[in-house]
Amino acid sequence: MELIVVLLATTFGVAGALKLLAPMRAPTIASRFADRGPIEALAVASVPWIEFAVAATLLIPRVRQAAAIGCLIILLVFTAVLVFSRRGKDALPCGCFGLTSDGARWRPYARNLGLSALAIVAAIGGEPRGQLGVLALIVVA
């Protein structure tokens with residue numbers, strides 16, 4: 001269980017840090033969303049801090065289950081944004097983890113699915129067993 005928690009916390013912490021440290025070098029989903037208005041810009045600016053908060057609370061055993069559920073909610077929102085933003089013909093890359101090249105369009109979905117599986121395992125307090133747990137760890141790694 002500790003491996004899952006550390007992996008999730010590290011992933012969310014690194015994602016938040018990269019969003020703050022690496023300025024957007026090319027248009028991404030987040031930059032397009034932030035250009036819509038001040039509320040959207042505030043939402044995009046708060047994402048790294050939300051990711052830091054989730055990463056920190058995952059490391060506190062008393063609130064770990066709530067933090068894991070928070071991870072799952074964030075991942076569902078991110079995946080929904082990906083789905084809706086890529087429906088148009090001028091779809092932009094995700095920009096997650098500082099990546100701005102579109103490359104394989106399936107990678108963000110696979111990553112979010114793997115992280116979601118780990119968040120579910122962390123939320124129920126179990127260990128990854130069988131093929132699903134191993135697959136989730138491989139996808140995230």
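This is a predicted model: local features need pLDDT of at least 70, side-chain atom pairs count only at pLDDT 80 or more; totals for chains, interfaces and linings use all residues.

Student: Okay, which residues make the contact between H1 and H5?

Tutor: On the H1 side they are Ile4, Leu7, Leu8 and Thr11, and on the H5 side Leu115, Leu118, Ala119, Val121 and Ala122. Sorted by class, that contact has eight nonpolar residues, one polar and no charged ones.

Student: Then why are H4 and H5 called roughly antiparallel?

Tutor: Try the cut-off again. H4 (residues 64-85) and H5 (residues 107-124) pack at about 160 degrees, with their axes 8 Å apart. An angle over 145 counts as roughly antiparallel, and therefore H4 and H5 get that label. Their crossing is left-handed.

Student: What is the contact of H4 with H5 like, by class?

Tutor: There are 15 nonpolar residues, four polar and no charged ones. Among the H4 residues involved are Ile69, Leu72 and Phe78, and H5 brings in Tyr109, Leu115 and Ile120, among others.

Student: Why give both an angle and a distance each time?

Tutor: Because two packed helices are described by the angle between their axes and the distance between those axes.

Student: Now a single residue. How do you know whether Pro61 is buried or exposed?

Tutor: Pro61 sits in the loop between helix H3 (38-58) and H4. Its relative accessible area is 61%. Exposed means over 50%, so Pro61 is exposed.

Student: How far is Pro61 from Val5?

Tutor: Their C-alpha atoms are separated by 9.8 Å, although the two residues are 56 positions apart along the chain.

Student: And the chain as a whole?

Tutor: It has six helices and zero strands, which gives the pattern α-α-α-α-α-α along the sequence. Of its 141 residues, 37% count as buried, and for that label a residue needs under 20% relative accessible area. The accessible surface is about 8400 Å², with 70% of it belonging to carbon and sulfur atoms.

How values were computed
Residues are numbered from 1 along each chain as its sequence is written. Side-chain values use heavy atoms; hydrogens and water are left out. Axes are lines fitted to C-alpha atoms, for helices over the stretch in contact, and angles run from 0 to 180 degrees between N-to-C directions. Helices (H or I, at least four residues) and strands (E, at least two) are DSSP runs, numbered from the N terminus. Angles under 35 degrees count as roughly parallel, over 145 as roughly antiparallel, 65 to 115 as roughly perpendicular and the rest as oblique. A crossing is left-handed if the near helix is turned anticlockwise from the far one by less than a right angle, and right-handed if clockwise. Contact means heavy atoms within 4.5 Å. Ala, Val, Leu, Ile, Met, Phe, Trp, Tyr, Cys and Pro count as nonpolar, Asp, Glu, Lys and Arg as charged, and the others, Gly among them, as polar. Buried means under 20% relative accessible area, exposed over 50%, partly exposed in between (1.4 Å probe, protein chains only). Accessible areas come from the Shrake-Rupley method with a 1.4 Å probe; for residues, only the protein chains shown count as cover.
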